Amino acid sequence: MDHDTALAKANEIAGSVLAPAARQNDREGRFSADAVDALGRAGLLGLTLPAERGGSGLGPRSFAAVTAALAEADASVAMVYLMHVCAVATILAARPGTAVGQTLHEIAAGRHLSTLAFSEAGSRSHFWAPVSRARQSGAGVHLTAKKSWVTSAGHAQSYVVSSLAPDATGPTDSTLYLVPAGAPGLSVAGPWDGLGLRANASAPMTLDDCEIPSEFRLTEDGAGFKTMLEVPLPPFNLGTAAVALGLCRAAVAGTTAHLKSTRFEHLGQSLGESLPTLRAQLAMMQIDTDGLAARIDDLVDHLERPRETTMLRVLETKAAAGEAAIGVTSAAMRACGGAAFSRHMNIERLFRDAHAGAVMAPTGDVLREFIAKAILGMPLF
Ligand SMILES: Cc1cc2nc3c(=O)[nH]c(=O)nc-3n(C[C@H](O)[C@H](O)[C@H](O)COP(=O)(O)OP(=O)(O)OC[C@H]3O[C@@H](n4cnc5c(N)ncnc54)[C@H](O)[C@@H]3O)c2cc1C
């Protein structure tokens, strides 16, 4: 599968599976297994796996384009997809000797959804510092942890889980593990009833003395922190920016349609023809949306050809995308007035979904802290 085919498939699924169900899934907080099935059948779950692993071997450019296309129809599904791609990258980067062959085979075949379970109730958004600690048991470990939010909780076939290494001496001496869905002791600990992204099952999960054999240890002990920053963080930040872009594009499209089709009958004009203020708001939304697209292109270029400024771009792009999505969807709420507020259109769902990006770790605040510290030459952690 090449880039254009992947994007065409994503657009086809967005139009035929995601868009018709998005409103109802949002209302009911229903995870879309249909969407995951469709993504699997289309080969998109293995998009970033190399050809020798049965995947399409496509890179960040295609991942970002596919994610944005999905988000334009339903950001919840796009979020499920991006967490899967981040988990796939982490599984693929497993230390030699890890038993990931069957999992990668299932992912390539479109039958396996994975996700990241990093955030913990104890350290909250500081995912780089898990408070749970693995307990050595023979060659393997036992994990006991409270994971505060896990996208696709209860629906994924595996979870990439962080925990402090058994002999950790510092707060970032973590290890990553691959935990299969059926592992005894692993359970969904509560419901997901978020303001936005309501259809992505981001529920809390508990690991209760969960036995993990040594062949499911993805990193060397204590190397989890380095892996988190180097492997899943860049696609996570790129993917959340792509979700933001999809939301912005949907807000521009929805607002444009509203301003063209809704009329002041007493004036004989559409809203767009009648009101310069609305035209100015729409123009600003378009400018910010295209600006975000350009930022994402720039980050893709940095990831394809890594250089000194790459990590800075990884941090900046997610921070900027979070603000852009909130700004553009807020402008759409104002431009579409009571019709948006009364939920006559999908704008308010976009507005609610757009608020997730900035609070997902690394949060917008933390990113701004990191960026400024990096510029000032201060240590980040
Ligand atoms: C929809 C959704 C899906 C999610 N999916 C996953 C998932 O699949 N896997 C996963 O591991 N996690 C997931 N998370 C968790 C997410 O990544 C964050 O850990 C979580 O949103 C943090 O919320 P909190 O209330 O614990 O933040 P807190 O840590 O309590 O932060 C509260 C506020 O303080 C600010 N703050 C915190 N630290 C600093 C700092 N050092 N400097 C400046 N400001 C700071 C934050 O920006 C925030 O505004 C998800 C969250 C959401 C909302």
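Colleague: Where is L197 found, between which two strands?

Modeller: L197 sits in the loop between β6 (186-188) and β7 (203-212). Please keep in mind that this is a predicted model.

Colleague: What makes the phi of L197 worth a remark?

Modeller: The phi of L197 is positive, about 45 degrees, although L197 is not a glycine.

Colleague: And why is L197 called buried?

Modeller: Buried means under 20% relative accessible area. L197 has a relative accessible area of 4%, so L197 counts as buried.

Colleague: Which value does phi take in R343?

Modeller: Phi of R343 is near 60 degrees, again a positive value in a residue other than glycine. R343 belongs to the loop between α11 (337-341) and α12 (347-354).

Colleague: Why is R343 called partly exposed?

Modeller: The relative accessible area of R343 is 45%.

Colleague: Are C86 and C336 buried or exposed?

Modeller: Both are buried: the relative accessible area is 0% for C86 and 3% for C336. Each value is under 20%, so the word buried applies.

Colleague: What makes the peptide bond from A361 to P362 cis?

Modeller: Omega of that bond is near 0 degrees. P362 is placed in the loop between α13 and α14 (364-376).

Colleague: Which residues lie nearest the centre of the largest pocket?

Modeller: They are S119, W149, V359, M360 and A361, out of 29 lining residues. The volume of the largest pocket is about 660 Å³.

Colleague: How do the residues of that lining divide?

Modeller: The lining of the largest pocket has 19 nonpolar, eight polar and two charged residues.

Colleague: What is the volume of the second largest pocket, and which residues are closest to its centre?

Modeller: The second largest pocket has a volume of about 390 Å³. Its lining holds 21 residues, with P60, A89, V231, P234 and P235 closest to the centre. Among the elements that give two or more residues are α3 (60-73), α6 (224-230) and α9 (276-304). The largest share, four residues, comes from α4. By class, the lining has 16 nonpolar, four polar and one charged.

Colleague: Last one: which residues of helix α2 are buried?

Modeller: In α2 (residues 33-41), the buried ones are A35, V36, A38, L39 and G40. These buried residues pack against α1 (3-28), α3 and α4. After α2 comes G43, with a positive phi near 85 degrees.

Terms used: Residues are numbered from 1 along each chain as its sequence is written. This is a predicted model: local features need pLDDT of at least 70, side-chain atom pairs count only at pLDDT 80 or more; totals for chains, interfaces and linings use all residues. Side-chain values use heavy atoms; hydrogens and water are left out. On a 1 Å grid over the protein atoms alone, a cavity is a set of points where a 1.4 Å probe fits but cannot get out, and a pocket is an open set with protein on both sides within 12 Å along at least five of seven lines; lining residues have an atom within 4 Å of a point. Grid points are joined across faces, edges and corners, and a volume is the space filled by probe spheres set on the points. Ala, Val, Leu, Ile, Met, Phe, Trp, Tyr, Cys and Pro count as nonpolar, Asp, Glu, Lys and Arg as charged, and the others, Gly among them, as polar. Buried means under 20% relative accessible area, exposed over 50%, partly exposed in between (1.4 Å probe, protein chains only). Contact means heavy atoms within 4.5 Å.
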